[in-house]
Amino acid sequence: KKYIKHIHDANTKFWKKYQNFCKNEYPELSLCETEERGHSYKENWVKYNSGIDHILFIHKFMRGHVDVVFSKSVDKVSSSQQLLIEMEKLIKSILPYYKEAGVFIELIGKNSVAYRIYVPILDPMKDSFAVCEKNGWVKSSFRAINLFDRLLKEHKDEFKNLSKKIYSKVS
């Protein structure tokens, strides 16, 4: 049975304003998506181009966080604890004040690990984009997105090396 996407007007309107804000205020960011939006929570996951295989860069705006995700990484290593140690080594080397910057390292889902920054929740079912922008929630979110984008670009080799180290292992 084929999936039929039900377009949600408020969500799509919010999404278009989000896109315009991103293009105007942060033109260096690479949004990966442009389609209309439905109403499920995953319809509010905005993907950015990380430029690195196996690494997802996502703003989950209804959940209130920005993630750099090593997708399905736990399956590739002998222990999730070792993976967390490797990720902490990397972030400490490129952003020594990562904790003060609000960066967390977390196991997410069943088998992925992410660098995460908590940001204000943007809820298109409750608030218009204008309200979110006026309250500073949009700027706060984009500061986190911009930080991760700069880290991924400026330290691409380090992220690639960690990705290779994780994903080249045979499980």
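I started with α5, which lies across β2, β3 and β5 and runs at about 55° to β3. For angles like this I take axes as lines fitted to C-alpha atoms, for helices over the stretch in contact, with angles from 0 to 180 degrees between N-to-C directions. Helices (H or I, at least four residues) and strands (E, at least two) are DSSP runs, numbered from the N terminus.

A note on what I am looking at: this is a predicted model, where local features need pLDDT of at least 70, side-chain atom pairs count only at pLDDT 80 or more, and totals for chains, interfaces and linings use all residues. Residues are numbered from 1 along each chain as its sequence is written, and side-chain values use heavy atoms, with hydrogens and water left out.

**Overall layout.** I counted 5 helices and 5 strands in the chain. Along the sequence they follow the pattern α-β-β-β-α-β-β-α-α-α. Of the 171 residues, 46% are buried (buried is under 20% relative accessible area, exposed over 50%, partly exposed in between, with a 1.4 Å probe and protein chains only). I also looked at contacts (heavy atoms within 4.5 Å): among those between residues at least 6 apart in sequence, 61% join residues at least 24 apart.

**The sheet.** The 5 strands form an open, antiparallel sheet in the order β1-β2-β3-β5-β4. β1 (45-48) and β4 (103-108) stand at the edges with a single partner strand each, so one side of each has no neighbour in the sheet. Neighbouring strands are turned by 30° against each other on average, direction ignored. I count two strands as paired if DSSP finds at least two bridges between them; β4 and β5 have 6, in the antiparallel sense. I108 has S112 in β5 as its bridge partner.

**Back to α5.** Which residues of α5 are buried? I find F159, L162, S163, I166 and Y167. They sit on the same side of α5, because they cover an arc of only 115° around the axis, the arc being that of the directions from the helix axis to the C-beta atoms. The spacing made sense to me: an α-helix has 3.6 residues a turn, so residues three or four places apart point the same way. On the face turned away from the buried side I noted the exposed residues D157 and K164. The buried residues of α5 pack against β2 (55-60), β3 (65-70), α2 (80-94), β5 (112-118) and α4 (137-154).

**α2 against α5.** Their axes come within 11 Å and cross at roughly 170°. α2 and α5 are therefore roughly antiparallel (over 145 degrees; under 35 is roughly parallel, 65 to 115 roughly perpendicular, the rest oblique). On the α2 side I listed L83, E86, M87, L90 and I94, which meet E158, F159, L162, K165 and I166 in α5.

**V138.** This residue lies in helix α4 and is buried, at 0% relative accessible area. Beyond its neighbours within four places in sequence, V138 is in contact with F21, L122, F129, C132 and E133. V138 and F61 are 77 residues apart in sequence and 9.5 Å apart in space, C-alpha to C-alpha.

**H54.** I found H54 in the loop between β1 and β2. Its phi is near 75°, positive in a residue other than glycine. Most residues other than glycine have a negative phi. H54 is partly exposed, at 45% relative accessibility.
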